[in-house]
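Please keep the structure in view while reading.

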Amino acid sequence: MDLDHADKEFMRMALELAARGRGLVSPNPMVGAVVVKDGRVLGQGYHKEAGGRHAEVYALAEAKGETEGATVYVNLEPCCHFGRNPPCTNQLIAAGITRVVVAVTDPNPRVSGAGLRELEENGIEVTTGVLAEEARRLNEVFFKYITTGLPFVSIKAAVSLDGKIATRTGNSRWISGEESRRRGHELRRAADAIVVGVGTVIKDDPLLNVRLPVLQDKAKTKHPLRLILDTRARIPLTAKVIKENPEQTVIVTGSDPPAHKVEKLTAAGVRIWTLPLRRGRVSLPALLAKAGEERLSSLLVEGGGEVNAAFLGENLVDKVYLFLAPRIIGGASAPTWVEGEGVDQVVKGSHWRNAGLTELGNDLLLEYYPEEEGADVYRDRS
């Protein structure tokens, strides 16, 4: 096996390990590491939880002292500063590692190349750029959050072939199939928070939690925060998002909601964020700024057509997940996944580039990124 092919194979292993931390390590990146010597894997590891040990530490420990002269594959540049854990660069140097292969440099200004320089200054050969695009996409949330302080925003919608998210009577169960719904819950599990409008809560009374059969231990199931856009605090106290795990619910109101409603909601155990208004609605840029301050690195928007249109209209969406089901619903008044005022000419519509197509039973999952200039601020520009 030639070196280039071997590097890709072992880096692919590191990426697969890193992905095990999806939804568990935020706001940290997902990182996997593999220790290899003479073509043999000696140790593997991945970052399992925010504040926990780093991937390189797990991998070195599993190698059990056989690391002298070995190569370490890691999808993100090893850290070189003290945080909740000591620098990984120090441990790689002390372990006698002679080569480190890295997919991408760390966009964190505290690292960003400094870790690689420290390794090289200590005689370790460094190779970068192996499966770089795959590594950037894996940690696209972290890349945006660490460079802008704002969360990565995704829209998820299940639609019929004619773009409907419900019938004219409001019935929407179920447009997509079982495999699509399972994938949707995986997206929820990976997100720090779900965003919906109060209209969705009043109409559907959803739980907005994660329901995956493989997660047997419910106590360890990670559920996203629920952000309800509710300018005038209209949400009923009987709503499931208030009755069940209210500490996981935040009502996002305008700057002057009715005091008596806020008092009742607070007494019920939910949190209130009061944000400025913009065109009579909660300011979405203010929402993203507040979410960033609260260390929420990713938001999954599951609102109706109006909420989706609001995020899209302000160019705040980083990715779209469309679950396309082989149904035709019809009806001029049946809601679509993007509503609002819309544009008056086709050429003014936003452009999106395809990022993936996955078959889920009879459904298709379509993934898109915006093509507008500046939409890829989370990408490595080095």
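A residue is called buried when its relative accessible area is under 20%, exposed when that area is over 50%, and partly exposed in between, with a 1.4 Å probe and protein chains only. The model is a predicted one, in which local features need pLDDT of at least 70 and side-chain atom pairs count only at pLDDT 80 or more, while totals for chains, interfaces and linings use all residues. Residues are numbered from 1 along each chain as its sequence is written, and side-chain values use heavy atoms, with hydrogens and water left out.

With a relative accessible area of 12%, Phe 10 counts as buried. Tyr 73, at 3%, is buried as well. The structure holds two aromatic pairs, a pair being two rings of Phe, Tyr or Trp (its six-membered ring) with centres within 6.5 Å; planes under 30 degrees apart count as stacked, over 60 as edge-to-face and the rest as tilted. Phe 10 and Tyr 73 make up a tilted pair, with 5.2 Å from centre to centre and 40° between the planes. This pair joins distant parts of the chain, since Phe 10 belongs to helix H1 and Tyr 73 to strand S3 (residues 71–76), 63 residues apart. Helices (H or I, at least four residues) and strands (E, at least two) are DSSP runs, numbered from the N terminus. The other pair, Phe 142 with Phe 143, is edge-to-face, at 6.4 Å centre to centre and 80° between the planes; both residues are buried.

Beyond its neighbours within four places in sequence, Leu 92 is in contact (heavy atoms within 4.5 Å) with residues including Leu 60, Val 72, Pro 78 and Leu 119. Thr 89, in helix H3 (residues 88–94), is buried because its relative accessibility is 0%. Among the residues that Thr 89 touches, not counting those up to four places away, are Pro 78, Cys 79, Gly 115 and Leu 119.
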